[in-house]
Amino acid sequence: MLTTGMANRDFTNWNSGFNYTDWAFKHHKWPQSSSKIVVGGSQNWHFGVDYMDWARRNGPFYLNDTLVFKYDAPTATRAHSVYLLKNFRSFLTCDLTGATKVADTTQGVGEGFEFVLKNWQPHYFACGEGNRFHCSNGTMRFFAMPLLRWHF
Ligand SMILES: [Cu+2]
């Protein structure tokens with residue numbers, strides 16, 4: 001029988017420094033392969049593509065999958081980049097405050113910029129160009145929560 005004291009202690013441990021990714025790596029076997037997915041498919045990473053819709057149709061994504069962001073070299077009028085927004089609220093409002101730039105405006109050229117989903121946590125991707133204009137008006141944002149690919 002689980003006593004109240006036990007339950008409380010477990011709850012406390014759960015909240016303090018529990019690392020989901022470490023736990024998953026310790027307790028589970030990992031699959032032989034992971035996928036490489038070009039964000040936006042043939043449309044690549046462009047202004048005006050609905051990436052939330054793309055992610056819905058092409059997800060779910062799994063831990064250790066690689067997302068490839070392909071975009072043209074920057075010009076005087078247009079450039080793209082890849083940012084990880086801080087949280088869901090930043091995602092909803094395209095707020096770049098506290099965001100992490102993971103690829104600058106040149107890194108999507110050619111084979112594209114590869115981002116490996118290494119951590120079991122939500123990822124809020126967005127283009128950081130145009131002072132949030134690409135994110136909000138250009139719909140260059142999507143959400144990815146990598147799932148565990150169980151080995152049966
Ligand atoms: Cu952009």
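## Exercises on a copper site, a disulfide and a helix

His 80 has a relative accessibility of 4% and counts as buried, because the cut-off for buried is under 20%. The model is predicted. The exercises start at this residue.

**Exercise 1. Find which atoms coordinate the copper ion, and how they are spaced along the chain.**

Step 1. Start at the copper ion and list its donors. They are ND1 of His 80, SG of Cys 127 and ND1 of His 134. The distances run from 2.0 to 2.1 Å.

Step 2. Read the donors along the chain. Their spacing is H-x46-C-x6-H.

Step 3. His 80 sits in the loop between β2 (66–69) and β3 (82–84). Cys 127 sits in the loop between β6 (123–126) and α5 (133–136). The two are 47 residues apart, and the pair links distant parts of the chain.

**Exercise 2. Decide whether Cys 127 is buried or exposed.**

Step 1. Take the relative accessibility of Cys 127, which is 0%.

Step 2. Apply the cut-off: buried means under 20%. Cys 127 therefore counts as buried.

**Exercise 3. Describe the surroundings of Gly 128.**

Step 1. Locate Gly 128. Its place is the loop between β6 and α5.

Step 2. Gly 128 has a relative accessible area of 11%, so it is buried.

Step 3. Look across the sequence. Val 82 is 46 residues from Gly 128, yet their C-alpha atoms are 6.3 Å apart.

Step 4. List contacts, leaving out residues up to four places away in sequence. Gly 128 touches Ser 81, Tyr 83 and Leu 96.

**Exercise 4. How many disulfides does the structure hold, and which parts do they tie together?**

Step 1. Search the whole structure. The count is 1 disulfide.

Step 2. Name the partners. Cys 94 is joined to Cys 135, with 2.0 Å from S to S.

Step 3. Cys 94 is in the loop between α4 (88–93) and β4 (100–103), and Cys 135 is in helix α5, so the link ties together parts 41 residues apart in sequence.

Step 4. The angle about the S-S bond is -75°, and the link of Cys 94 and Cys 135 is left-handed.

Step 5. Cys 94 and Cys 135 are both buried.

**Exercise 5. Work out how helix α3 is oriented and what it packs against.**

Step 1. Pick out the buried residues of α3 (residues 51–58). They are Tyr 51, Trp 54 and Ala 55.

Step 2. Look down the axis of α3. The buried residues fall within an arc of 95°, so they line one face of the helix.

Step 3. Recall the general rule. An α-helix has 3.6 residues a turn, so residues three or four places apart point the same way.

Step 4. Turn to the face away from the buried side of α3. Arg 56 and Arg 57 are exposed there.

Step 5. Find the packing partners. The buried residues of α3 pack against β1 (36–38) and β7 (141–144).

Step 6. Look at the start of α3. A side-chain oxygen of Asp 50 comes within 3.2 Å of the backbone nitrogen of Met 52.

Technical notes: Residues are numbered from 1 along each chain as its sequence is written. This is a predicted model: local features need pLDDT of at least 70, side-chain atom pairs count only at pLDDT 80 or more; totals for chains, interfaces and linings use all residues. Side-chain values use heavy atoms; hydrogens and water are left out. Donors are N, O and S atoms within 2.8 Å of the metal (3.2 Å for Na, K and Ca); water is not among the atoms, so sites may look incomplete. Helices (H or I, at least four residues) and strands (E, at least two) are DSSP runs, numbered from the N terminus. Buried means under 20% relative accessible area, exposed over 50%, partly exposed in between (1.4 Å probe, protein chains only). A disulfide is a pair of cysteine sulfur atoms within 2.5 Å. The arc is that of the directions from the helix axis to the C-beta atoms. Contact means heavy atoms within 4.5 Å. A polar contact is a pair of N or O atoms within 3.5 Å; within protein, one must be able to donate a hydrogen and the other to accept it, and residues adjacent in sequence count only if both atoms are side-chain atoms.
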